[in-house]
Amino acid sequence: MIGRLNHVAIAVRDLAAASARYRDTLGAHVTAPQALPEHGVTVVFIELPNTKIELLEPLGDASPIARFLDKNPDGGIHHICYEVEDILAARDRMLAAGARVLGDGQPKIGAHGKPVLFLHPKDFCGTLTELEQV
Ligand code: CO
């Protein structure tokens, strides 16, 4: 059912420093920062030939990645995102298989303007997993 790897998201404390590291050291193309208050993050995308890396910096007091950074002070891989053709069909398949969908189970519009869902890390090898309809 899952398709391409859409992105790997890395939580960082300092988005400007992380962007500079990717740009200047790895020679990557880094997009301009984009604030997403409804998700509690500011993001940049590292555009690679075959996928994207998303750098996430906490935005606001209730950022969902603040606690992750408390546990991982140097930052770290926060989630991976796979593409699906039909997010509602994917959700129903996950629920039927006993996997937990986070939140109220309704897709939200993600950083790319497309519907996304998150799956519980305990059900997917300790990795927070995002599904995005493309
Ligand atoms: Co994501």
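Select Arg91. This residue is buried, at a relative accessible area of 15%. Here buried means under 20% relative accessible area, exposed means over 50%, and partly exposed lies in between (1.4 Å probe, protein chains only). Asp92 is partly exposed, at 42%. The two side chains meet in a salt bridge, 3.2 Å from N to O. The term requires a side-chain nitrogen of Lys or Arg within 4 Å of a carboxyl oxygen of Asp or Glu. Side chains of opposite charge can pair when their charged atoms come close.

A word on the model before moving on. It is predicted, so local features need pLDDT of at least 70 and side-chain atom pairs count only at pLDDT 80 or more, while totals for chains, interfaces and linings use all residues. Residues are numbered from 1 along each chain as its sequence is written, and side-chain values use heavy atoms, with hydrogens and water left out.

Select Arg100 and Asp123. Their side chains form a salt bridge at 2.9 Å, N to O. Arg100 sits in the loop between α3 (87–96) and β7 (108–109), and Asp123 in the loop between β8 (115–119) and β9 (129–133), so the pair ties together parts that are 23 residues apart in sequence. Helices (H or I, at least four residues) and strands (E, at least two) are DSSP runs, numbered from the N terminus. Arg100 is partly exposed, at 40% relative accessible area. Asp123 is partly exposed too, at 28%.

Next, pick Asp104 and Lys108. This is another salt bridge, with the closest N and O atoms 4.0 Å apart. Asp104 counts as exposed, at 55% relative accessibility. Lys108 is partly exposed, at 46%. By the rule given above, the count comes to five salt bridges.

**Stop three: the cobalt ion**

Select the cobalt ion. Which residues coordinate the ion? They are His7 (NE2), His79 (NE2) and Glu130 (OE), at 2.0 to 2.1 Å. His7 lies in strand β1 (residues 5–11) and His79 in strand β6 (residues 76–84), so the pair ties together parts that are 72 residues apart in sequence. The donor residues are spaced H-x71-H-x50-E. Donors are N, O and S atoms within 2.8 Å of the metal (3.2 Å for Na, K and Ca); water is not among the atoms, so sites may look incomplete.

**Stop four: along β1**

Step to Val8, in strand β1. Val8 is buried, at 16% relative accessibility. Show its contacts, meaning heavy atoms within 4.5 Å. Leaving aside neighbours within four places in sequence, Val8 is in contact with Lys52, Ile53, Glu54, Ile77, His79 and Ile80. For a distance check, pick Ala66. Val8 and Ala66 are 58 residues apart in sequence and 18 Å apart in space, C-alpha to C-alpha.

**Stop five: along β6**

Select His78, in strand β6. This residue is buried, with a relative accessible area of 15%. Leaving aside neighbours within four places in sequence, its contacts are Ala9, Ile10, Ala11, Leu56, Ile65, Phe68 and Leu128.

**Stop six: a loop residue**

Go to Ser63. Where is Ser63 placed? In the loop between β5 (52–58) and α2 (66–71). Ser63 counts as buried, at 7% relative accessibility. Not counting residues up to four places away in sequence, Ser63 touches Gly40, Val41 and Pro58.

**Last stop: the whole chain**

Zoom out and colour by secondary structure. The chain has three helices and nine strands. From the N terminus on, the elements run β-α-β-β-β-β-α-β-α-β-β-β.

Now the overall dimensions. The C-alpha atoms fill a box of roughly 45 × 35 × 25 Å, taken along the principal axes. With 134 residues, a compact globule would have a radius of gyration near 14 Å; the chain has 15 Å, which agrees. That radius is taken over C-alpha atoms, and the globule rule is 2.2 Å times the number of residues to the power 0.38.

The chain exposes about 7,600 Å², and carbon and sulfur atoms supply 54% of it. Accessible areas come from the Shrake-Rupley method with a 1.4 Å probe; for residues, only the protein chains shown count as cover. Buried residues make up 40% of the 134 residues. Among contacts between residues at least 6 apart in sequence, 53% join residues at least 24 apart.
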